[in-house]
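I set out to look up a few features of this structure and to record each one here. The entries follow the display.

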Amino acid sequence: MKRFYITIYKKRVIDYSLHPVLIEVLWILNIQFSKEACPPYYFMYKNGCIMYIYLNPQYVIRNENNCSYIIAKSALITAKLEYAMAFASVVPPSIGYILSHIGEGELNASIENIANTLNIKPDLIDKFIRKIIDNPVKVGWNYKGVTISFPPYLLTSVKEESEGSVYTDNELFYTTDFIPKRPSVPLNLNFMITTQCRTDCMYCYADRNRKNDLTSWQIIKVIDEAHDMGGDLALTGGDIFAFPDWKEVIRKVGQYGFTPLLSTKIPLKEDDIYFLKESGIKFLQFSLDSIFTSTLQTMVRVKEDYIDNVKQMFEYS
Ligand code: SF4
């Protein structure tokens with residue numbers, strides 16, 4: 001977690017990450033502190049700089065009638081290489097609208113536009129987003145008797161306009177009613193794109209003899225739908241790299257900003273690794289049953305050069 005420190009009278013050090021409320025108090029008291037010491041939102045906002053707020057691309061907003069959902073992508077891994085907990089929260093449609101549209105242009109203009117659409121005061125929107133921008137902790141509060149919560153770093157502030165992290169939903173019909181309910185379609189899609197595999201593990205129970213995989217065109221159509229409905233996507237097999245057109249599938253997945261954890265036992269080539277990187281794939285899990293060739297030949301029935309190819313792959317990455 002990034003930490004911010006303030007030094008007062010050259011002695012006391014205050015850790016912003018532990019005292020966010022204190023930061024606000026200090027600002028109200030007009031105590032000066034350096035740019036490095038304050039969170040980006042406070043610094044830029046209070047100094048009247050143009051700034052942009054974006055939905056963190058690790059989250060997706062799904063808007064349905066009377067209800068919106070905040071969904072964390074499943075392949076979320078922290079800097080410490082820990083999986084973040086799956087997160088999904090139901091929020092009022094007005095909040096879904098704000099989160100979906102806050103990234104459309106410079107902050108003040110966005111707030112103004114949203115306020116006009118929702119017919120509420122811009123101050124109210126400002127007050128709300130202030131609680132969640134660059135916030136390292138989960139925030140929860142009671143809204144008309146329903147507890148709603150917002151995950152860490154849901155909104156992030158930047159100085160420059162950026163592309164690709166604006167999440168909108170043209171299908172959203174904004175209503176003032178908030179009716180918490182189960183989503184109409186699943187929040188996450190676990191998509192087995194192939195049953196094929198290149199290894200032959202002795203413990204395998206998958207039906208690898210099926211020859212009726214979907215075509216790449218059909219798979220992409222499902223991915224289009226997953227994107228349109230707003231949610232997360234996981235890809236599995238067999239081994240997805242045994243699917244002949246896997247690059248076509250990955251390209252589409254990357255274009256939509258999905259970051260699935262891909263798991264394989266196939267040693268990939270150098271250009272495959274670069275392709276994955278350029279497509280925005282961040283997580284690749286390689287499952288190695290043994291480092292001994294004889295064991296590998298027995299357990300996963302691979303050729304003698306398998307382990308060398310695996311080592312070579314890790315050189316590339
Ligand atoms: S990698 Fe998985 S699907 Fe492939 S043979 Fe082994 S257990 Fe079966």
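Which residues surround the ligand? I worked on a predicted model, in which local features need pLDDT of at least 70, side-chain atom pairs count only at pLDDT 80 or more, and totals for chains, interfaces and linings use all residues. Residues are numbered from 1 along each chain as its sequence is written.

Entry, ligand. I found Cys 197, Thr 199, Asp 200, Cys 201, Cys 204, Ala 206, Gly 238, Asp 239 and Lys 265 around the ligand, taking a residue as near when its C-beta atom, placed from the backbone, lies within 6 Å. By class, I noted four nonpolar, two polar and three charged residues in this shell. Ala, Val, Leu, Ile, Met, Phe, Trp, Tyr, Cys and Pro count as nonpolar, Asp, Glu, Lys and Arg as charged, and the others, Gly among them, as polar.

Entry, helix α3. I looked up burial, where buried means 20 or more other C-beta atoms within 10 Å of a residue's own, exposed 12 or fewer, and partly exposed in between, with C-beta atoms placed from the backbone. Nine of the nine residues of α3 (residues 93-101) are buried, so this helix is largely enclosed by the rest of the structure. Among them are Tyr 97 and His 101.

Entry, Ile 148. With 19 C-beta neighbours inside 10 Å, I recorded Ile 148 as partly exposed.

Terms used: Helices (H or I, at least four residues) and strands (E, at least two) are DSSP runs, numbered from the N terminus.
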